[in-house]
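Subject: Structure for your review

Dear colleague,

Please find the structure below, handed over for your own work. My findings follow it, arranged by region.

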Amino acid sequence: MKKIIASPGAPKAVGPYSQAVEAGGTLYVSGQLPIDASTGRMAEGIEAQTRQSLVNLGHILREAGYGYGDVAKTTVLLQSIDDFAAMNAVYAEFFTADMPARMCYEVAALPMGALVEIDAVAVK
């Protein structure tokens, strides 16, 4: 059985997918763009965009009863791998112990011209 998770604190999905799906004690969170749900605007710069993507992730985690400490794996998509160090500095503010596994890729483009997108898998 699966449960669809939607948080009003995170931006609505921009396509035919859910913000997150919980199944069998695992939460699968779709990639989070750096959009502020209250304004619909995207933050400027890699640090602010990384922070907003992770804040959005947090809203969805909390809506499902999870926290950052429950995250087992993330995937980070960067428009430029040159932003890796700056993204990492902000990422380390949110994941401070028992770090999740992670993949990080440079991609040709992200939706809406974003500099970063982050998804996650969390477990209880």
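A residue is called buried here if its relative accessible area is under 20%. The model is a predicted one. By that cut-off, both Tyr 91 and Phe 95 are buried.

Aromatic residues

Three aromatic pairs are counted in the model. One of them joins Tyr 68 and Phe 94 in an edge-to-face arrangement, with 5.5 Å from centre to centre and 65° between the planes. Tyr 68 belongs to the loop between H1 and strand S4 (71-78), whereas Phe 94 belongs to helix H2, so this pair ties together parts that are 26 residues apart in sequence. Phe 94 has a relative accessible area of 18% and therefore counts as buried, since the limit is under 20%.

Tyr 91 and Phe 95 form a further pair, which is tilted: their centres are 4.7 Å apart and their planes make an angle of 40°. Tyr 68, Tyr 91, Phe 94 and Phe 95 together form one aromatic cluster.

Two charged side chains are placed over rings. Arg 102 lies over the face of Tyr 91, at 4.6 Å from the ring centre. Lys 124 lies over the face of Tyr 66, and here the distance to the ring centre is 5.0 Å.

Ala 97 is located in the loop between helix H2 (84-94) and strand S5 (101-106). Its relative accessibility is 51%, so Ala 97 counts as exposed, the limit for that class being over 50%. Between Ala 97 and Tyr 68 the C-alpha to C-alpha distance is 9.8 Å, although the two are 29 residues apart in sequence.

Strand S3 and its partners

Strand S3 covers residues 26-32, and five of its seven residues are buried, so the strand is largely enclosed by the rest of the structure. Strand S2 (residues 20-23) runs antiparallel to S3 and is joined to it by four bridges. Within this pairing, Ala 20 has Val 29 in S3 as its bridge partner. S2 and S3 form a hairpin with two residues between them, and Gly 24 in the turn has a positive phi of about 60°.

S3 also pairs with strand S6 (residues 116-123), again in the antiparallel sense, over five bridges. On this side, Val 29 stands opposite Ala 120 in S6.

The nonpolar core

Which residues of the largest nonpolar core touch the most other members? They are Leu 27, Val 29 and Leu 61, out of 26 residues in that core. S3, H1, S4, H2 and S6 each supply at least two residues of this core. Leaving aside neighbours within four places in sequence, Leu 27 is in contact with residues including Ile 5, Ala 20, Val 21, Leu 61, Ala 64, Tyr 66 and Ala 120. Tyr 66 is also the residue whose ring face lies under Lys 124.

Helix H1

Ser 53 is part of helix H1, which spans residues 46-63. With a relative accessible area of 0%, Ser 53 is buried. Beyond residues up to four places away in sequence, Ser 53 touches Gln 32, Leu 33, Pro 34, Val 116 and Ile 118.

Yours sincerely

Notes: Residues are numbered from 1 along each chain as its sequence is written. This is a predicted model: local features need pLDDT of at least 70, side-chain atom pairs count only at pLDDT 80 or more; totals for chains, interfaces and linings use all residues. Side-chain values use heavy atoms; hydrogens and water are left out. Buried means under 20% relative accessible area, exposed over 50%, partly exposed in between (1.4 Å probe, protein chains only). Contact means heavy atoms within 4.5 Å. Rings of Phe, Tyr and Trp (its six-membered ring) pair if their centres lie within 6.5 Å; planes under 30 degrees apart count as stacked, over 60 as edge-to-face and the rest as tilted. A charge sits over a ring if NZ of Lys or CZ of Arg is within 6 Å of the ring centre and within 35 degrees of the ring normal. Two strands pair if DSSP finds at least two bridges between them. A nonpolar core is a set of buried Ala, Val, Leu, Ile, Met, Phe, Trp, Tyr and Cys residues joined through side-chain atoms within 4.5 Å.
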